[in-house]
Amino acid sequence: AAYMERAASRAEAPRARLALMLCWLLSAAERQADLFDYLFIVPHDFAAQVARDVQTPISLLKRELADLVPPGEVELRAAILLGGM
């Protein structure tokens, strides 16, 4: 999450921040595909144990999407982006 936030901090507009986050995620996926798959793609129950106020890569992605899409579509669009990777 810290790396994604650092990448996003280089832009001010929500769309540009989201693009920088996605570029970082794609780069991470290329470098360590198995780790990326485990952390972002494979469903597991660990997410329920993370406190809501803890920033995770997915929560940061959803935060940026919230500025760009209707509220009811944030979860779906985040899933589509991650699935596309």
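A salt bridge here is a side-chain nitrogen of Lys or Arg within 4 Å of a carboxyl oxygen of Asp or Glu. The model to which this rule is applied is predicted. Side chains of opposite charge can pair when their charged atoms come close. The rule gives 6 salt bridges in this model.

One of these pairs is Arg17 with Glu64, whose side chains meet at 2.8 Å, N to O. This pair links distant parts of the chain, since Arg17 is in helix α2 and Glu64 is in helix α4, 47 residues apart. Are the two partners buried or exposed? Arg17 is buried because its relative accessible area is 17%, and Glu64 is buried because its value is 2%; the cut-off for buried is under 20%.

Arg17 has a further partner: Asp67 forms a salt bridge with Arg17, and the closest N and O atoms are 3.4 Å apart. Asp67 sits in the loop between α4 and α5 while Arg17 is in helix α2, so this pair ties together parts of the chain that are 50 residues apart in sequence. Salt bridges with shared partners join Glu5, Arg17, Arg63, Glu64 and Asp67 into one network.

Within that group, Arg63 and Glu5 form a salt bridge of their own, with the closest N and O atoms 3.5 Å apart. Arg63 belongs to helix α4 and Glu5 to helix α1 (residues 2-8), so the pair ties together parts that are 58 residues apart in sequence. Arg63 counts as partly exposed because its relative accessibility is 36%, and Glu5 is partly exposed as well, because its relative accessible area is 31%.

The helices named so far belong to a chain with 5 helices and 0 strands. Along the sequence the pattern reads α-α-α-α-α. The chain has 85 residues, of which 25% count as buried.

Two packed helices are described by the angle between their axes and the distance between the axes. How do α2 and α4 cross, and at what angle? Their axes come within 9 Å and cross at roughly 155 degrees. The two helices are therefore roughly antiparallel to each other, a term that applies to angles over 145 degrees. The crossing of α2 past α4 is left-handed.

Helix α4 (residues 57-66) also packs with helix α5 (residues 74-84), at an angle of about 120 degrees and with the axes 9 Å apart. This angle makes α4 oblique to α5. The crossing of α4 and α5 is right-handed.

Helix α2 (residues 14-31) also holds Glu30. Glu30 counts as exposed because its relative accessibility is 69%. Although Glu30 and Met85 are 55 residues apart in sequence, their C-alpha atoms are 10.0 Å apart in space. Another residue of helix α2 is Leu26, which counts as partly exposed because its relative accessibility is 42%. Leu26 and Leu82 are 56 residues apart in sequence, with a C-alpha to C-alpha distance of 9.8 Å.

Tyr38 lies in helix α3 (residues 33-41). Tyr38 is partly exposed because its relative accessible area is 39%, and residues in such patches need over 30%.

Definitions and conventions
Residues are numbered from 1 along each chain as its sequence is written. This is a predicted model: local features need pLDDT of at least 70, side-chain atom pairs count only at pLDDT 80 or more; totals for chains, interfaces and linings use all residues. Side-chain values use heavy atoms; hydrogens and water are left out. Helices (H or I, at least four residues) and strands (E, at least two) are DSSP runs, numbered from the N terminus. Buried means under 20% relative accessible area, exposed over 50%, partly exposed in between (1.4 Å probe, protein chains only). Axes are lines fitted to C-alpha atoms, for helices over the stretch in contact, and angles run from 0 to 180 degrees between N-to-C directions. Angles under 35 degrees count as roughly parallel, over 145 as roughly antiparallel, 65 to 115 as roughly perpendicular and the rest as oblique. A crossing is left-handed if the near helix is turned anticlockwise from the far one by less than a right angle, and right-handed if clockwise.
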